[in-house]
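I wanted to go through this model with a few plain questions in mind, and I kept these entries as I worked.

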Amino acid sequence: MSLTYVLFGTSSDIAKSYVRYLAKTKPLSHVICISSKPNDFADLPIKVTSLYCDYSEQSLKKITNKLKTIVTSLNQVIVFNGLLHYDNHAPEKKIEDIDANYFNTLMKANSLTPILCIQAILPLLSHNTPCTITALSARIGSINDNQLGGWYSYRASKAALNMLFKTAAIEITRRAKNTQLVLFHPGTTDTKLSKPFQKNINKENLLTPDFVAQSLFAQLQNLSSQADSNNPAYIDFNGQPISW
């Protein structure tokens, strides 16, 4: 069966692994890869359409218009975009470390961009076609789970993402009743995002992008226990629910 996958942020390591896994398991599908950086999936035995997007309002409108010309419905949408650190800016250890530019940059990357991606694909959703829309959240975005403090900007950006998805789920239930929203915690994965913090992680707890991609794929196939039209599923890589 041919399915349509729309993946945002496909320059990430987890996204690349996800595309490769789709090529193995769903070779008849159409995968639309959206990124601000070049994608190189030409060698994969699956139909891949690569689209450029810088996530500005104008660029996302172009994505919407392009999608309308190449697909009629969507089966799965995943937003892989996310940011934790850059240059000399890293997660805060104390209140004095809070920096307005760092805070605003993470809020844009981790909260605003994912909901704008939903805005871009919204015209392709319908009551008729089941679809999942997923963003990479984090356990650290849970208010109830916060026992350590610190990491103000990252925590806030993921908590904001969770609230945006919760709010969108209520609206999308009315507009596309067979669409389920998902917030997925990938765990500590061996990617650039986690590199500066891996020294504090036991090797057995450091996950590979391939493992996380396969876990994400598996969880999205089995959402029945998490299904709630007015609430996103908020789950980790083992499929366990995370407290809000």
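**Entry 1, cysteines.** I note at the outset that this is a predicted model. How many disulfides does the count come to? I took two cysteine sulfur atoms within 2.5 Å as the cut-off, and by this rule the count came to zero. Cys 53 is in no disulfide, and I found its nearest cysteine sulfur, that of Cys 117, 6.6 Å away. For Cys 131 the closest cysteine sulfur is also in Cys 117, but the separation there is 13 Å, which is too far for a bond. I then looked up accessibility: Cys 53 counts as buried because its relative accessibility is 0%, and Cys 131 counts as buried at 3%.

I placed Ser 35 in strand β2, which covers residues 30-35. Is Ser 35 buried or exposed? Its relative accessible area is 2%, so I recorded it as buried. A polar atom of the Ser 35 side chain lies 3.0 Å from the backbone nitrogen of Lys 37. Leaving aside residues up to four places away in sequence, I listed the residues that Ser 35 touches, among them Thr 10, Leu 51 and the Cys 53 of my previous entry.

I checked the length of α3 (residues 100-121) against its residue count: at 1.5 Å a residue its 22 residues should span 32 Å, and the end C-alpha atoms are 31 Å apart, so the two agree. At the start of the helix, a side-chain oxygen of Asp 99 reaches to within 3.1 Å of the backbone nitrogen of Asn 101. Where does the kink in α3 lie? I found it at Leu 112, at about 35 degrees, shortly before the proline Pro 114. The buried residues of α3 include Tyr 102, Leu 106, Pro 114 and Cys 117, and the buried residues of this helix pack against β1, α2, β4, β5, α4 and β6.

I next turned to β5, where six of the six residues are buried. In a regular strand the side chains alternate between the two faces of the sheet. In β5 both faces are covered, with Cys 131, Ile 133 and Ala 135 buried on one side and Thr 132, Thr 134 and Leu 136 buried on the other. β5 pairs with β4 in the parallel sense over four bridges, and I noted Ala 135 as the bridge partner of Val 79.

Which way do β5 and β6 run, parallel or antiparallel? They run parallel and are joined by six bridges, and I saw Thr 132 standing opposite Gln 180 in β6. Seven of the seven residues of β6 are buried. Thr 179, Leu 181, Leu 183 and His 185 lie on one side, while Gln 180, Val 182 and Phe 184 lie on the other.

I ended with α4, whose 24 residues should span 34 Å at 1.5 Å a residue, and whose end C-alpha atoms are 34 Å apart, which agrees. A kink of about 25 degrees is centred on Ala 169, and Ala 169 is itself one of the buried residues of α4. Others that I listed as buried include Tyr 154, Arg 155, Lys 158 and Phe 165. The buried residues of α4 pack against α3, β5, β6 and β7.

Key: Residues numbered from 1 in each chain as written. Predicted model: local features only at pLDDT ≥ 70, side-chain atom pairs only at ≥ 80, totals over all residues. Heavy atoms only, no water. Buried < 20%, exposed > 50% of the residue type's maximum accessible area, 1.4 Å probe, protein only. Helix = DSSP H or I, 4+ residues; strand = E, 2+ residues; numbered from the N terminus. Polar contact = N/O pair within 3.5 Å; in protein donor to acceptor, adjacent residues only side chain to side chain. Contact = heavy atoms within 4.5 Å. Expected span 1.5 Å × (residues − 1). Bend = angle between axes of the 7 residues up to and from the residue. Pairing = 2+ DSSP bridges.
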